[in-house]
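Me: I would like to go through this structure with you, one topic at a time. Could we begin with how the parts are arranged?

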Amino acid sequence: MSERVLMKGNEAFGEAAIRGGCRYYVGYPITPQNELTEFMSREMTKRGGKFVQAESELASINMAYGIAAAGGNVFVSSASPGIALMQEGLSFICSAELPLVALNVSRGGPGIGGIQPGQADYNQVTRGGGNGDYHIPVFAPASIQESIDILYDAFSLADEWRNPIMILADGMIGQMMEPVTLPEPKAPISEDEIAVRKPWALSGTKKGHRSVVKSLRMQPNDLEKHVEKLFEKYRQAEKELVKYDSDRIEDAEVVFVSFGTTARIVSEVIDMLAEDGIKAGLIRPISLWPFPEEAFSKVNPKTKVVISAELNMGQMMTDVKAAVCGRFPVRLINRTGGIIPTSLEIYERAKKILGEYK
Amino acid sequence: MATQKMFFSGFGGQGVLMIGRNIAYAAMLEGKEVTFLPSYGPEMRGGTANCTVIVSDKMISSPLIYEADLVCVMNLPSLIKFERMVKPDKFLFINSSIISQSATRSDIQIAYVNANEIAKNLGNEKAANMVMLGAIVKKTGVVSFDSIEHVMEKTFAGKKQSVIELNRNALHAWE
């Protein structure tokens with residue numbers, strides 16, 4: 001095992017991506033992920049990759065579309081309003097069935113919003129802002145080590161599923177530092193290997209067959225067939241890509257559902273409630289799409305209330321309610337606008353809610 | 001020591017983030033779990049800057065705190081705003097070269113450190129943050145001087161010998 005290093009989230013994202021096989025990075029500066037773009041500008045060319053600072057996020061995603069079509073392992077990153085600008089491209093890339101890794105270090109919204117941490121892009125990343133029927137698997141890390149592990153695997157996962165993979169972090173994970181252990185770098189795929197391993201890629205004429213990458217299908221029958229094929233893949237993804245963590249849900253009176261940064265604060269709240277003799281548990285979705293509905297079947301049937309804790313107006317609560325399916329009341333504890341509640345605030349609000357379900 | 005929650009605050013340019021980062025780094029070298037969370041925004045010299053550092057023997061859940069075992073304030077607005085964060089009986093470090101006011105609480109341990117004056121006497125006022133870091137290490141033992149010096153060797157690698165000397169002297173200057 002290699003030694004622990006103290007790393008800032010934004011730099012760890014870049015290091016993990018490079019070690020995981022990223023060979024192309026296209027980005028445009030935006031807070032709170034600027035250190036990542038800066039890191040990639042310094043490291044990519046040194047480590048055999050290519051770095052482009054595009055003129056906008058719209059350009060970034062379309063350059064990445066081209067790189068992915070040619071079989072390159074490409075990474076784009078931005079923060080909330082920048083990811084909004086990429087939505088059209090992401091829809092096209094899903095339709096064209098190309099692999100890509102995208103990272104959203106999210107901040108407060110709507111609009112240009114603010115620059116402090118937020119989770120108000122839950123709907124944007126899980127539902128997609130682009131047109132048409134498509135899905136993007138989304139993973140939300142809660143620590144810098146988990147960010148590294150997810151990003152390290154993301155490039156092979158994107159290749160395997162021939163679909164974008166989204167990582168939803170937030171300003172707090174991007175800015176903070178924690179000790180981490182870095183995985184061994186994967187060997188890069190050479191151009192010759194691309195033709196073999198990615199026969200669909202536009203990798204030149206030498207391979208002896210034509211590849212077509214497109215998202216335009218003028219015949220309704222063709223398009224319907226194509227969408228149905230995509231959804232066979234998505235149904236498979238719903239089975240295979242579910243990822244979550246749970247803690248003490250089997251005998252809990254109250255179960256929190258929370259992801260990313262907020263889940264860490266809720267972990268502390270659970271210990272605070274335990275000191276008062278209140279049994280609390282946590283479901284932490286790591287995959288936001290597919291949402292880990294199966295986790296809810298393990299919840300204590302005597303649980304009084306399920307609380308969704310998030311940094312938005314309750315976007316994830318829609319998925320929580322669908323998963324709970326009327327078995328428990330579902331309540332919300334939230335802050336938004338870039339404000340992160342302390343464990344004390346969540347604890348006090350949870351006690352108040354619990355008081356209603358004696 | 002189970003978990004130590006620390007908060008450092010001052011104005012941009014005083015090196016408060018550097019104090020926090022050195023402690024975080026040193027604690028990691030000692031095998032501890034660590035989180036370092038800086039404030040961020042449209043930062044500038046003279047604007048406010050602060051950071052939260054947690055050092056623990058076990059996994060750290062929330063990197064965000066509402067009370068602290070140690071608060072270090074390098075300027076007056078930080079004292080006014082963050083004095084109340086200190087847990088009873090715990091530590092408040094005040095840079096008395098910049099802050100002429102006293103703390104108002106009597107249920108906490110207060111250390112007045114004339115960090116800027118001490119650094120100036122050593123030859124460079126910029127090392128005031130290292131004087132404060134040394135005071136914190138000496139009084140609380142949250143990390144060892146050995147670990148901090150090891151961190152300094154790494155962070156100052158390639159710098160002039162005189163810079164390294166100055167910072168080492170600053171680290172041990174507070175009595």
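Reply: A term is needed before any distance between domains: domain bounds here come from an automatic or database domain assignment. Please note also that this is a predicted model.

Me: Which domains does the assignment give for chain A?
Reply: Chain A is assigned domain 1 (5-240) and domain 2 (245-355). Taken over C-alpha atoms, the centres of domain 1 of chain A and domain 2 of chain A are separated by 29 Å.

Me: And how many residues does each domain of chain A put into the contact?
Reply: Domain 1 of chain A contributes 27 residues and domain 2 of chain A contributes 22 residues.

Me: Which elements supply the side of domain 1 of chain A that touches domain 2 of chain A?
Reply: Those giving two or more residues are helix 6 (122-127), strand 6 (138-139), strand 7 (164-170), helix 8 and helix 10 of chain A. Helix 6 of chain A gives the most, with 4 residues. By class, this side of domain 1 of chain A divides into 16 nonpolar, 8 polar and 3 charged residues.

Me: Take Met132(B), then. What is it in contact with, leaving aside neighbours within four places in sequence?
Reply: Met132(B) is in contact with Ile19(B), Cys72(B), Phe93(B), Asn95(B), Val113(B) and Ala115(B).

Me: How do strand 4 and strand 5 of chain B pair?
Reply: Strand 4 (residues 68-73) and strand 5 (residues 86-95) of chain B are paired in the parallel sense, over 5 bridges. Between these strands of chain B the chain passes through helix 2 (residues 76-82), and this β-α-β crossover is right-handed. Strand 5 of chain B also runs parallel to strand 6 (residues 109-113) of chain B, and 5 bridges join them.

Me: What are the partners of Leu92(B) in these pairings?
Reply: Leu92(B), in strand 5 of chain B, stands opposite Val71(B). In strand 6 of chain B, the bridge partner of Leu92(B) is Ile110(B).

Me: Back to chain A. Is strand 5 of chain A buried or exposed?
Reply: 7 of the 7 residues of strand 5 (residues 100-106) of chain A are buried, so this strand is largely enclosed by the rest of the structure. Both of its faces are covered, with Leu100(A), Ala102(A), Asn104(A) and Ser106(A) buried on one side and Val101(A), Leu103(A) and Val105(A) buried on the other.

Me: Which strands pair with strand 5 of chain A?
Reply: Strand 4 (residues 74-78) of chain A pairs with strand 5 of chain A in the parallel sense over 4 bridges, and Ser77(A) stands opposite Leu103(A). Strand 7 of chain A is also parallel to strand 5 of chain A, over 7 bridges. There, Val101(A) has Ile165(A) as its bridge partner.

Me: Next, backbone geometry. Where are cis peptide bonds found?
Reply: One joins Thr31(A) and Pro32(A), with omega about 5°. Pro32(A) is in the loop between strand 2 (24-27) and helix 2 (34-43) of chain A. The bond from Trp289(A) to Pro290(A) is also cis, with omega near 0°.

Me: What does Val242(A) touch, not counting residues up to four places away in sequence?
Reply: Val242(A) touches Ser287(A), Pro290(A), Pro292(A) and Glu294(A). Val242(A) lies in the loop between helix 10 (220-240) and strand 9 (244-247) of chain A.

Me: Why does Val242(A) count as partly exposed?
Reply: Val242(A) counts as partly exposed because it has 18 C-beta neighbours inside 10 Å, whereas a buried residue needs 20 or more.

Me: Finally, which residues other than glycine have a positive phi?
Reply: Among them are Glu97(A), with phi near 55°, and Arg248(A), with phi near 55°. Glu97(A) is in the loop between helix 5 (87-95) and strand 5 of chain A, and Arg248(A) is in the loop between strand 9 and strand 10 (254-257) of chain A.

Conventions
Residues are numbered from 1 along each chain as its sequence is written. Chains are lettered from A and ligands numbered from 1 in the order in which they are written. This is a predicted model: local features need pLDDT of at least 70, side-chain atom pairs count only at pLDDT 80 or more; totals for chains, interfaces and linings use all residues. Two residues are in contact if their C-beta atoms, placed from the backbone, lie within 7 Å. Two strands pair if DSSP finds at least two bridges between them. A crossover is right-handed if, with the strands pointing away from the viewer, the path from the first strand over the helix to the second runs clockwise. A residue is buried if 20 or more other C-beta atoms lie within 10 Å of its own, exposed if 12 or fewer, and partly exposed in between; C-beta atoms are placed from the backbone. Ala, Val, Leu, Ile, Met, Phe, Trp, Tyr, Cys and Pro count as nonpolar, Asp, Glu, Lys and Arg as charged, and the others, Gly among them, as polar.
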